[in-house]
Amino acid sequence: IHSSIIFFIQNPYISVVGCSNIVFSFIGAHLSNTILNYDYLSIEHFNYFISLILTISVILFEVLNYINNRSDNVAYIGHWIGFLSGFLGGLSLFNIFIKKRYKNTIQIISRILYLSLTIILIYYYISYYPPTISYDEFFNKKETLDCCN
């Protein structure tokens, strides 16, 4: 939901097809689970490091693809916000198998951030509909659009 709202804020009158933002949310959630439960996973699963390397490789491939082969047909902001939302959501919601104090602190802080982000984005979406401006990928204002005339 976060990545869809951010994409809507950035490009209010453009439609997109696909669910790649959700895939990146899953990748972010997987990385957060790996970070929270690294001590448990490294003991129980031999493929822990391979999984971590593959996850980081997907993110690096996305960034390099943006830098070298940027396309206007790809919603990069949806991918990145999807990853960050999945990562923050995973940190705030996943169970911690081997409890440690710093893990609980990370989880509490991420819950506050995730809830705050959700409230701010939903408020912005409700308050400023329909938007009359759009933004580029660096959130600089683009030309003024008027949907209602």
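Trainee: What volume does the largest pocket have here?
Mentor: The largest pocket has a volume of about 570 Å³, where a pocket is an open set of points on a 1 Å grid over the protein atoms alone at which a 1.4 Å probe fits, with protein on both sides within 12 Å along at least five of seven lines. The volume is the space filled by probe spheres set on the points, which are joined across faces, edges and corners. Keep in mind that this is a predicted model, in which local features need pLDDT of at least 70 and side-chain atom pairs count only at pLDDT 80 or more, while totals for chains, interfaces and linings use all residues. Residues are numbered from 1 along each chain as its sequence is written, and side-chain values use heavy atoms, with hydrogens and water left out.

Trainee: Which residues lie nearest the centre of that largest pocket?
Mentor: Phe7, Val16, Val74, Ala75 and Tyr76 lie nearest the centre, out of 29 residues that line the largest pocket, a lining residue being one with an atom within 4 Å of a point.

Trainee: And which helices supply at least two residues of its lining?
Mentor: Helix H1 (2–10), helix H2 (20–36) and helix H5 (76–93) each do so; helices (H or I, at least four residues) and strands (E, at least two) are DSSP runs numbered from the N terminus.

Trainee: How many of the lining residues are nonpolar, polar or charged?
Mentor: The lining of the largest pocket has 12 nonpolar, 12 polar and 5 charged residues, with Ala, Val, Leu, Ile, Met, Phe, Trp, Tyr, Cys and Pro counted as nonpolar, Asp, Glu, Lys and Arg as charged, and the others, Gly among them, as polar.

Trainee: What about the second largest pocket, what is its volume?
Mentor: The second largest pocket has a volume of about 170 Å³, and the residues lining this pocket include Ile1, His2, Asn21, Gly86 and Tyr114. H1, H2 and H5 each supply at least two residues of this lining as well, and by class it has 3 nonpolar, 7 polar and no charged residues.

Trainee: You mentioned His2, so is His2 buried or exposed?
Mentor: His2, which lies in helix H1, is buried because its relative accessible area is 4%, and buried means under 20%, exposed over 50% and partly exposed in between (1.4 Å probe, protein chains only). The C-alpha atom of His2 is 9.3 Å from that of Gly86, although the two residues are 84 apart along the chain.

Trainee: Where is Gly18?
Mentor: Gly18 sits in the loop between H1 and H2, and it is exposed because its relative accessible area is 64%. Gly18 and Ala75 are 57 residues apart in sequence, and their C-alpha atoms are 9.8 Å apart in space.

Trainee: And Phe26, buried or exposed?
Mentor: Phe26 belongs to helix H2 and counts as exposed because its relative accessibility is 60%.

Trainee: New topic: which residues form the nonpolar patch on the surface?
Mentor: Ile122, Tyr125, Ile126 and Tyr129 form that patch, with about 430 Å² of accessible area together. Areas come from the Shrake-Rupley method with a 1.4 Å probe. Ile126 is in helix H6 (residues 101–127) and counts as exposed, at 61% relative accessibility.

Trainee: Last one: how many helices and strands does the chain have?
Mentor: The protein chain has 6 helices and 2 strands, running α-α-α-α-α-α-β-β from the N terminus on, and 33% of its 149 residues count as buried.

Note on methods:
Patches are made of residues with over 30% relative accessible area and no salt bridge: like charges are joined within 9 Å, nonpolar side chains (Val, Leu, Ile, Met, Phe, Trp, Tyr) within 5 Å. A salt bridge is a side-chain nitrogen of Lys or Arg within 4 Å of a carboxyl oxygen of Asp or Glu.
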